[in-house]
Structures are given as C-alpha cells and as structure tokens.
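Biologist: I have a structure open and would like to learn how to read it. Where do we start?

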Amino acid sequence: MLRPRIPTMPTPTGIVTPPAVVQPTAVEPTPAPTPPAAPAPLPAPPSRPMVQLTPGTAVALVGAGTAVVLVVGTVLVSMLLATAVTAASVAVCALVIRSLIGQQHKCR
C-alpha cells in the first residue's frame, strides 16, 4: 500500500569533467626524534588571583547591571499586566454570562 520511494541519482545535464588523476609520490622516512630538552621551571602561582578594576571597567559593570535589571523588570511587569488584563476580561465575561442566564430564568 504505502511503499517508500528511493530517489534515483539524476544524470548530469551539463559539461561533465573527468575526475582528477592523482599522481603517486614517494614517501620519505622521517629522521629519528631528538630527546626533548628539560623544561624550564614555572614560576610559583600567586596565592590568590588578583582582579584589577579600572574606573572604565567599573562603569561598564554598573551599566550592564542596570541594563539587566531594567530588561528583567520590564519583562516581569509586562507578564503581570498580561495576567491582570486576562483576569479582568474573564471577570467581565462571567458577569455577562451570569446576566444572560438570570434574564433567561426571569422570562419563563
């Protein structure tokens, strides 16, 4: 009933170039490796990392922090506003439906 169809490779329609011929080359042996020299001693690491804050870096950090706070605050306020608008519209719909049902019972 449902059989998958495997696409066939289309035949080329333009100018076909023959594949490039690869010429073999001779392999030269590598010379024996020389023993490595003794590594230079590393200086002792400081007891704790030093962080240097320049005035420009401090201003950039304050600006970035302010931007993050403003963006997160905007998103949270917009989500709260969307929830409030949805709640108000559901309340209005409930009042309208209640009013319609109440009028229907009075008419009978």
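Modeller: With the idea of a patch. Patches are made of residues with over 30% relative accessible area and no salt bridge, and nonpolar side chains are joined within 5 Å. Keep in mind that this is a predicted model.

Biologist: Which residues form a nonpolar patch on the surface?

Modeller: Val68, Val71, Val72, Val75, Leu76 and Met79.

Biologist: Take one of them. Where does valine 72 lie?

Modeller: Valine 72 sits in helix H1, which covers residues 55–107.

Biologist: Why is valine 72 called partly exposed?

Modeller: Exposed means over 50% relative accessible area, buried means under 20%, and partly exposed is in between. Valine 72 has a relative accessible area of 46%, so it counts as partly exposed.

Biologist: How many helices and strands are there in the chain?

Modeller: One helix and zero strands.

Biologist: Is the chain spread out or compact?

Modeller: Compare the radius of gyration with the globule rule. For 108 residues the rule gives 13 Å. The chain has 39 Å, well over that value, so it is more spread out than a compact globule. Its C-alpha trace spans about 105 × 70 × 30 Å along the principal axes.

Biologist: What share of the 108 residues is buried?

Modeller: Buried residues make up 0% of the chain. The accessible surface comes to about 11300 Å². Carbon and sulfur atoms hold 72% of that surface.

Biologist: Now the segment before H1. Which residues are found there?

Modeller: Among them are proline 43 and alanine 38.

Biologist: Are proline 43 and alanine 38 buried or exposed?

Modeller: Use the cut-off again: exposed means over 50%. Proline 43 has a relative accessible area of 69%, so it is exposed. Alanine 38 has 73%, so alanine 38 is exposed as well.

Biologist: How far apart in space are proline 43 and threonine 8?

Modeller: Read the sequence gap and the C-alpha distance together. Proline 43 and threonine 8 are 35 residues apart in sequence and 65 Å apart in space. Alanine 38 and isoleucine 6 are 32 residues apart along the chain, with 62 Å between their C-alpha atoms.

Note on methods. Residues numbered from 1 in each chain as written. Predicted model: local features only at pLDDT ≥ 70, side-chain atom pairs only at ≥ 80, totals over all residues. Heavy atoms only, no water. Patch = residues over 30% accessible without salt bridge, like charges linked within 9 Å, V, L, I, M, F, W, Y side chains within 5 Å. Areas by Shrake-Rupley, 256 points an atom, 1.4 Å probe, with all protein chains shown as cover. Salt bridge = Lys/Arg side-chain N within 4 Å of Asp/Glu carboxyl O. Helix = DSSP H or I, 4+ residues; strand = E, 2+ residues; numbered from the N terminus. Buried < 20%, exposed > 50% of the residue type's maximum accessible area, 1.4 Å probe, protein only. Rg over C-alpha atoms; globule rule 2.2 N^0.38 Å.
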